Amino acid sequence: MYRQNDILTAIVHGGIPKLSRMSVPGGWSDPVLFDQTDTDRARSSCSVFRGDVEMGMVNGKFKVFQPISYQTQIVEGKNYKILVNVGLDQRVSMIVSWPLGSTGQATGNVTPKLLIAGWEKDLTQTKK
């Protein structure tokens with residue numbers, strides 16, 4: 001992590017240090033595709049909260065509920081922002097919180113919580 005003086009010195013001398021999103025406290029990580037890495041917690045979040053998302057958004061069921069990617073955010077535990085394909089070029093974004101367990105780690109016997117779910121902008125409409 002850069003100290004404030006390091007950043008000021010770099011700016012004065014014409015260079016700006018590159019920080020990843022995760023090095024910003026509370027920032028979101030870069031997106032990770034579901035087929036690229038270990039995705040157990042993000043994938044299980046989709047399974048656990050699919051019904052809640054479906055009932056809250058369409059009062060029924062999606063024909064498709066395929067996770068695409070996720071981002072993580074370190075807070076008092078770990079948040080997952082998950083992008084899900086629900087068919088017909090529509091996507092849902094959901095944020096799930098996994099709190100710290102009794103040991104202070106985001107592992108063990110913890111209960112995740114769905115914080116929010118909403119429609120992502122239809123990607124086909126943004127193409128011209």
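User: In this predicted model, how many of the 10 residues of β4 are buried?

Analyst: Strand β4 covers residues 90–99, and the model in which we look at this strand is a predicted one. A residue is called buried when its relative accessible area is under 20%. By that cut-off β4 is mostly covered, and the number of its residues that are buried is eight.

User: Which strands stand at the edges of the sheet, and why is one side of each left without a neighbour?

Analyst: The sheet is open and has five strands, which pair in the antiparallel sense in the order β1-β2-β3-β4-β5. Two of these strands have a single partner strand each, so one side of each is left without a neighbour in the sheet. These edge strands are β1 (32–33) and β5 (113–119).

User: Which helix packs on the sheet, touching β4?

Analyst: The helix in question spans residues 40–57, and along with β4 it touches β2 (66–75), β3 (77–87) and β5. Its direction makes about 120° with that of β4, and its name is α2.

User: How many bridges join β3 to β4?

Analyst: Strands β3 and β4 form a hairpin with two residues between them, and Leu 88 in the turn has a positive phi of about 50°. The number of bridges that join β3 to β4 is 10.

User: Which residue in β5 is the bridge partner of Ser 97?

Analyst: Strands β4 and β5 pair in the antiparallel sense over six bridges. Among the bridge partners across this pair are Val 96 and Leu 114. For Ser 97, the partner in β5 is Lys 113.

Terms used:
Residues numbered from 1 in each chain as written. Predicted model: local features only at pLDDT ≥ 70, side-chain atom pairs only at ≥ 80, totals over all residues. Heavy atoms only, no water. Pairing = 2+ DSSP bridges. Helix = DSSP H or I, 4+ residues; strand = E, 2+ residues; numbered from the N terminus. Contact = heavy atoms within 4.5 Å. Axes fitted to C-alpha atoms, helices over the stretch in contact; angles between N-to-C directions. Buried < 20%, exposed > 50% of the residue type's maximum accessible area, 1.4 Å probe, protein only.
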